[in-house]
Structure formats: C-alpha cells, structure tokens
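Hi,

Here is the model I promised to pass on.

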Amino acid sequence: MATALSEIAYNIVIHAAGGDIALSIIRDDAGRVGILAVARDYGPGIPDTELAMRDGFSTGKGLGLGLPSARRLTDEFEIQSIAGQGTTVKLTKWRR
C-alpha cells in the first residue's frame with residue numbers, strides 16, 4: 001500500500017494544482033481488516049482513464065507505470081476523473 005500511495009501522491013504533485021489523501025481503517029462483513037486510501041486532486045482530470053491504466057502510457061516524462069502499478073499492488077482499485085475538476089482514486093488493501 002505504501003508504494004501504491006507513493007505513485008498516486010507523485011501524480012498529484014506532478015499533474016495537479018493540489019490534492020489530499022485520506023486514510024481509514026476499514027472492516028468488511030466477513031471481519032477482514034484493511035486500509036482504505038482516497039486520493040483526490042484538483043488537476044485537469046484524465047481524458048481517457050482506460051488509456052491511462054495501460055502500462056507505458058504517460059502524459060508526462062515518466063514511464064507510465066504509476067497508475068497501473070498502484071492497481072496491481074492493491075486488492076481493490078477505483079478511479080474516477082472529470083475533465084477540469086480532477087481525479088479521485090480509491091485504493092483498498094486487506095490484511096492477509
């Protein structure tokens with residue numbers, strides 16, 4: 001989870017005018033315990049989130065592995081982006 005959050009935080013710094021990350025301890029109906037991270041930014045948004053989730057796609061100078069890597073490193077991953085309003089990424093990692 002730390003590496004996934006580092007990737008998302010880096011994207012906020014590079015691509016957005018600001019943002020925040022909130023962390024919560026969560027429990028599901030089966031009694032599992034996990035961490036939920038919700039990262040929001042106030043950037044230009046991602047025009048094509050499906051394309052942005054492909055390994056190697058980048059709008060900057062990076063390798064284009066940040067978002068796809070964050071998805072692989074977490075158990076649950078959700079991204080929503082609105083042009084001109086920003087992006088929200090939800091990451092969940094369950095304790096094994």
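The charged end of R32 sits over the ring of W94, at 4.1 Å from the ring centre (the rule asks for NZ of Lys or CZ of Arg within 6 Å of the ring centre and within 35 degrees of the ring normal). R32 also meets D28 in a salt bridge, 2.6 Å from N to O (a salt bridge being a side-chain nitrogen of Lys or Arg within 4 Å of a carboxyl oxygen of Asp or Glu). R32 is partly exposed because its relative accessibility is 38%, and D28 is partly exposed too, at 22% (buried is under 20% relative accessible area, exposed over 50%, partly exposed in between, with a 1.4 Å probe and protein chains only).

Before you go further: this is a predicted model, where local features need pLDDT of at least 70 and side-chain atom pairs count only at 80 or more, while totals for chains, interfaces and linings use all residues. Residues are numbered from 1 along each chain as its sequence is written, and side-chain values use heavy atoms, leaving out hydrogens and water.

Back to the charges: the whole structure has three salt bridges. D75, K93 and R96 are linked in a network of them. K93 and D75 meet at 3.7 Å, N to O, and this pair links distant parts of the chain, with K93 in strand β4 and D75 in the loop between α3 and β3 (76–82), 18 residues apart (helices are DSSP runs of H or I with at least four residues, strands are E runs with at least two, numbered from the N terminus). The closest N and O atoms of R96 and D75 are 2.5 Å apart; here R96 is in the segment after β4, 21 residues from D75. R96 counts as exposed because its relative accessible area is 76%.

What about the inside? The largest nonpolar core has 15 residues, and I8, L67 and L91 have the most contacts within it (a core is a set of buried Ala, Val, Leu, Ile, Met, Phe, Trp, Tyr and Cys residues joined through side-chain atoms within 4.5 Å). The elements giving two or more residues to this core are α1 (2–15), β2, α3 (66–73) and β4 (86–94), and α1 gives the most, with four.

Strand β1 (residues 19–27) gives the most to the patch, with three residues, while I35 lies in strand β2 (residues 33–41).

Cheers
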